[in-house]
Amino acid sequence: MERPWQFFAVFLNTIVPNIYHWKAKAENHLRRSGLNYAIVRPPGLVGDEKDFKATEYSIDQGDRISGRITRCTLGNVIRDTI
């Protein structure tokens, strides 16, 4: 995680101690596995499950993007990465 002091990261760590340590450990294990994979880290979700309006998005390496994305668009991102 590139922003460990972000509000959400601190909040999650108060609920599950060392959650980002275990998350990083799992991702590193996946990287070493030799499997093809994609880790999708969406920003805040907007709309509801009945909202089928797709929006534009960008894909980047790491944990640098913030913003909002519709659930429909997130589904398209996941579909397109498989």
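This is a predicted model: local features need pLDDT of at least 70, side-chain atom pairs count only at pLDDT 80 or more; totals for chains, interfaces and linings use all residues.
K23 and E27 sit four residues apart in helix α2, so about one helical turn separates them.

- Helix α2 covers residues 19–32, and E27 lies in it.
- K23 forms a salt bridge with E27, with 3.1 Å between the closest N and O atoms.
- R31 also forms a salt bridge with E27, and here the closest N and O atoms are 3.5 Å apart.
- R31 and E27 are again separated by about one helical turn, because they are four residues apart in helix α2.
- In general, an α-helix has 3.6 residues a turn, so residues three or four places apart point the same way.
- Together, K23, E27 and R31 are linked in a network of salt bridges.

**How open are the three partners to the surroundings?**
- E27 counts as buried because its relative accessibility is 11%, which is under the 20% cut-off.
- K23 is partly exposed, with a relative accessibility of 29%.
- R31 is partly exposed too, at a relative accessible area of 41%.
- Leaving aside neighbours within four places in sequence, E27 is in contact with I39 and R41.

**The other salt bridge**
- The structure holds three salt bridges, and one of them joins R79 to D80, with the closest N and O atoms 3.1 Å apart.
- R79 counts as exposed at 52% relative accessibility, whereas D80 counts as partly exposed at 45%.

**Helix α3 and its cover**
- Helix α3 spans residues 71–81, and its buried residues are C72, T73, L74, N76 and V77.
- The cover over these buried residues includes strands β1 (44–46) and β2 (68–70).

**A nonpolar patch on the surface**
- F11, I15 and V16 make a nonpolar surface patch of about 270 Å².
- I15 is found in helix α1, which runs over residues 7–15.
- I15 counts as exposed because its relative accessible area is 52%, and the cut-off for exposed is over 50%.

**Whole-chain numbers**
- The chain has 82 residues, and buried residues make up 13% of them.
- Its accessible surface comes to about 6700 Å², and carbon and sulfur atoms account for 57% of that.
- Of the contacts with a separation of 6 or more, 37% join residues 24 or more positions apart.

Conventions: Residues are numbered from 1 along each chain as its sequence is written. Side-chain values use heavy atoms; hydrogens and water are left out. Buried means under 20% relative accessible area, exposed over 50%, partly exposed in between (1.4 Å probe, protein chains only). Helices (H or I, at least four residues) and strands (E, at least two) are DSSP runs, numbered from the N terminus. Contact means heavy atoms within 4.5 Å. Accessible areas come from the Shrake-Rupley method with a 1.4 Å probe; for residues, only the protein chains shown count as cover. Patches are made of residues with over 30% relative accessible area and no salt bridge: like charges are joined within 9 Å, nonpolar side chains (Val, Leu, Ile, Met, Phe, Trp, Tyr) within 5 Å. A salt bridge is a side-chain nitrogen of Lys or Arg within 4 Å of a carboxyl oxygen of Asp or Glu.
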